[in-house]
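Visitor: Could you walk me through this structure, one feature at a time?
Guide: Gladly; let us look at it together.

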Amino acid sequence: MKRLSRRTIFALVLLAVAVFFLAKQPSGKEKRPDYIRYEGFVFGTTYHITYASPEMDTMSENIDRALAAVDRSLSMFNRESLLYRINANDTSVRADELFMRVWQRGVEVSRTTGGAFDMTVAPLVNLWGFGIEERSDVTEHEVDSVRRYVGYEMITVSDGRVEKRYPEMKIDASAIAKGFACDVVADTLRAHGCTSYCVEIGGEVAVSGVNPEGGAWRIGINKPVEDSLCMSNELQDIVLMTHGGMATSGNYRNFYEDGGKKFSHTINPATGYPERKSILSATIIADDCMTADAYATACMVMGADSAKALCERYSDIKGYIIYDDNGTTRIWKSPDFPECVKSE
């Protein structure tokens, strides 16, 4: 998983606080005692989990094991992880069940988005300084040289063996793994009889059932204010949810400036360059958070018009797109996007 800067972590803490304060509706009643809150740090970011335990059992150990399993499978930074060893061309490793779930869903999203989402974008992410390598001046020649190692079609998985056309190819799961981790924790909670929960990891969310006051979970969507210092946490809308996953991708915080130019963390696999289109942020809701996470990233690459068309084409995803229209910020929502209780 990608390690985040301190300022980005600070922003996520503020977002998480917003999510869980919003979970309390102004009913005047105290929180019911059968809900448990558990929080901490994982994958270089924060997590906050609230759930109703049937027998008031703490699920902390089970949650910790679930998160550790995801890290062991999909972390780009953990030298013992499966993904790290695959990227290092260790032919002795075999893909585990967690990797296969993420890889198969990632390929599905790659196909439906025409490659706008591509987990093999890691060499370009590293080149532009958003991955595991230090940033340096990037030349057109370097982009062209690295881009030849990007393309999900050039990796096959058979009988657990991951085969790459070029050894220089690497897989980056950071645009899908936090959402997937939310799903894994949600699976763990359901396996122990928990039917009402809100799992938030690094801003991605999976929910089920009702909040401590018996209403829908209230999940905030941030205003896409360009804010590299992560000081702004103003909400654009509050979404009411009782099921599914929600993920937001945007370029308004994770970027750097160099030579008067701004470089965002969203890399277009087709061009090899950071993407700066009119779209400011994309929020996607799907049945699971892994899917929402991947499509939110794809929308940022595709741009506002193509993102809208994508959400209209596939009924299993619902979009909330904030974009710039000649200097005016506009919002587009799928017709079946869940109810929002606050809007500008």
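**Reading burial, helices and loops**

Guide: Met-119 is buried, with a relative accessible area of 3%. Buried means under 20% relative accessible area, exposed over 50%, and partly exposed in between, using a 1.4 Å probe and protein chains only. This is a predicted model, in which local features need pLDDT of at least 70, side-chain atom pairs count only at pLDDT 80 or more, and totals for chains, interfaces and linings use all residues. Residues are numbered from 1 along each chain as its sequence is written, and side-chain values use heavy atoms, with hydrogens and water left out.

Visitor: Where is the place of Met-119 in the chain, and which residues does Met-119 touch?
Guide: Met-119 sits in the loop between H4 and helix H5 (122-127). Helices (H or I, at least four residues) and strands (E, at least two) are DSSP runs, numbered from the N terminus. Contact means heavy atoms within 4.5 Å. Not counting residues up to four places away in sequence, Met-119 touches Val-102, Trp-103, Gly-106, Lys-170, Ile-171, Asp-172, Ala-173 and Ile-176. For Ala-173, 54 residues from Met-119 along the chain, the C-alpha separation is 6.0 Å.

Visitor: Which residues of H4 are buried?
Guide: The buried residues of H4 are Leu-98, Phe-99, Val-102, Trp-103, Gly-106, Val-107, Val-109 and Ser-110. Around the axis they cover an arc of only 165°, which puts them on the same side of H4. The arc is that of the directions from the helix axis to the C-beta atoms. On the face turned away from the buried side, H4 carries the exposed residues Glu-97 and Arg-111.

Visitor: What covers the buried residues of H4?
Guide: The cover includes H2, helix H3 (82-87), strand S3 (155-158), strand S4 (161-164), H7 and helix H8 (289-302).

Visitor: What should the 16 residues of helix H4 span?
Guide: The expected span of a helix is 1.5 Å times one less than its number of residues. For helix H4 (residues 97-112), that should be 22 Å, and the end C-alpha atoms are 23 Å apart, which agrees.

Visitor: How do I read the crossing of H2 and H7?
Guide: Axes are lines fitted to C-alpha atoms, for helices over the stretch in contact, and angles run from 0 to 180 degrees between N-to-C directions. The axes of helix H2 (residues 60-74) and helix H7 (residues 177-191) cross at roughly 145° and come within 9 Å. A crossing is left-handed if the near helix is turned anticlockwise from the far one by less than a right angle, and right-handed if clockwise. H2 passes H7 in a right-handed crossing.

Visitor: Which residues in H2 and H7 meet?
Guide: From H2 come Asn-62, Ile-63, Ala-66, Leu-67, Val-70 and Leu-74, and they meet Ala-177, Phe-180, Ala-181, Val-184, Val-185, Thr-188 and Leu-189 in H7. The residues of this contact divide into 11 nonpolar, two polar and no charged. Here Ala, Val, Leu, Ile, Met, Phe, Trp, Tyr, Cys and Pro count as nonpolar, Asp, Glu, Lys and Arg as charged, and the others, Gly among them, as polar.

Visitor: Which residues of H9 are buried, and which are exposed on the face turned away?
Guide: In helix H9 (residues 304-313), the buried residues are Ala-304, Ala-307, Lys-308, Leu-310 and Cys-311. Seen down the axis of H9, these residues fall within an arc of 160°, so they line one face of the helix. Asp-305 and Glu-312 are the exposed residues on the face turned away. The buried residues of H9 pack against H4, strand S12 (279-286), H8, strand S13 (317-325) and strand S14 (328-333).

Visitor: What is phi of Asp-159, and is Asp-159 buried or exposed?
Guide: Phi of Asp-159 is near 55°, a positive value in a residue other than glycine. Asp-159 lies in the loop between S3 and S4 and is exposed, with a relative accessible area of 75%. Asn-326, in the loop between S13 and S14, has phi near 55° too, again positive in a residue other than glycine. At 78% relative accessibility, Asn-326 counts as exposed.

Visitor: How many helices and strands does the chain come to?
Guide: The secondary structure comes to nine helices and 15 strands. Buried residues make up 57% of the 344 residues in the chain.
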